[in-house]
Amino acid sequence: GYQNKNFALNDVLWSTDGVSWTQSTTAAFSWPRWQMGCGVLGSRAYVVGGVDATWSQYSSEVYSTADPTGATWTLHGSGAFPGRASHAVTTFQGRLWVIGGYNQPGNLNDVYSSNDPTQSSKWSLATSSAFERTYSRMFATVHRGKMWVIGNDVEVYSSSNGVSWTGVYSTGRTFAAEGVPFSMSGLLWHLDSGTCTVSLDGMQWSTFSQTAETLYSPRMGMVGANLLTTGGRSSNWLSLPQYALTTEYKLVANVAFRCLSFACPEGTVYKSFTVSACPSGTCTQGDCCAQLVDCGTPSAPVNAGTPSCSLGTTTGLSCSFGCLTGYTGGGKLTCMETAFWNRTGSCTALSCGYPGLPSNANSLNCASGTTYGQSCTFGC
């Protein structure tokens, strides 16, 4: 991390509960750095890149440790990708991903990944043009089968393969560049200094305040593997009741905000219900949580194309569908808590209307109808 002007740190602190912290080393890497990225793949924690306190030396080094306390680190080479700082690092589909960042004279827009970061030759370029414009000071997490990158003030991006990225321009929320995103209880969270923000789909966000304790010397630009290892699910790392400060009904998509006074257990998800399910504010776990189920890939409705399930196929998520040629309409399929798909919308055949008698014809029979695919017969 970074502390005071022209002074970078080279230490590692570890904790089993997020409350009590122990310093395991003050000389983790070859030189002090900050604005590096961190991720966990297999049994090893990785630290990637970083910059010195004067922003003059950019690292492409990859370090790892299997030591739970982080006391000893192994260097796995450098140069597999350009040196960088303020980049995002996450683990997805059995690979460690390095996303964007900064190296003089400007921001980077590339994405690299490796299924074995201990080998420099195992890194490959996924794309050199990930985003609409270049970004730095961002963090990444995995939520509902996608990688999500959040930061640099207002942009939210997601990708299911690391090659193609979709921009989700959030409404009503400006993200702090130093904030940390994570996925927990079926929701996407973003935590920065004094503010916690939560969303179901990455588009609509609700924000509320929280108070943090001082656990170690002030610093910025640091990383931590424990949050990525646990996926944010630790009873002591986040105590949700302290965030539930609202006394009014707010919605995060279809989720009642009151239910955020506690976390749904692993394997469950917030119910998609109306606020009338908990009118007095005395919510119980049964009011708010339902078993998370996967409805599987849905079949196409009659006269519809293959449904698009970009967010996933579990409880509360929806797949959209369009109509085949000659049909109009569309709609969505929502995965219900009963593991069945609920359809809204449909595809109906386009109507050509009554054609009228052709020249020199004396009869016209449209008994089967005048919609797409039907025929009329005529006599002369």
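## A right-handed link

Start with cysteine 309 and cysteine 319: their link is right-handed, with 115° about the S-S bond. These two form a disulfide, and their sulfur atoms sit 2.0 Å apart. The pair links distant parts of the chain, ten residues apart, with cysteine 309 in the loop between S22 and S23 and cysteine 319 in strand S23. Keep in mind that this is a predicted model.

How exposed are the two partners? Cysteine 309 counts as partly exposed, at 24% relative accessibility, while cysteine 319 is buried at 0%.

The structure has four disulfides. Another one joins cysteine 295 and cysteine 335, again with sulfur atoms 2.0 Å apart. Cysteine 295 sits in the loop between strands S22 and S23, and cysteine 335 in strand S24, so this pair ties together parts that are 40 residues apart in sequence. The link is right-handed, with 80° about the S-S bond. Are these cysteines buried or exposed? Both cysteine 295 and cysteine 335 are buried.

## A link within one loop

Cysteine 366 and cysteine 376 are joined as well, with an S to S distance of 2.0 Å. Both lie in the loop between S26 and S27, so the pair ties together parts ten residues apart in sequence. Cysteine 366 is buried at 17% relative accessible area, but cysteine 376 is partly exposed at 28%.

## One without a partner

Cysteine 352 is in no disulfide; the nearest cysteine sulfur belongs to cysteine 376 and is 8.7 Å away. Cysteine 352 counts as exposed, at 70% relative accessibility.

Methods. Residues are numbered from 1 along each chain as its sequence is written. This is a predicted model: local features need pLDDT of at least 70, side-chain atom pairs count only at pLDDT 80 or more; totals for chains, interfaces and linings use all residues. Side-chain values use heavy atoms; hydrogens and water are left out. A disulfide is a pair of cysteine sulfur atoms within 2.5 Å. Helices (H or I, at least four residues) and strands (E, at least two) are DSSP runs, numbered from the N terminus. Buried means under 20% relative accessible area, exposed over 50%, partly exposed in between (1.4 Å probe, protein chains only).
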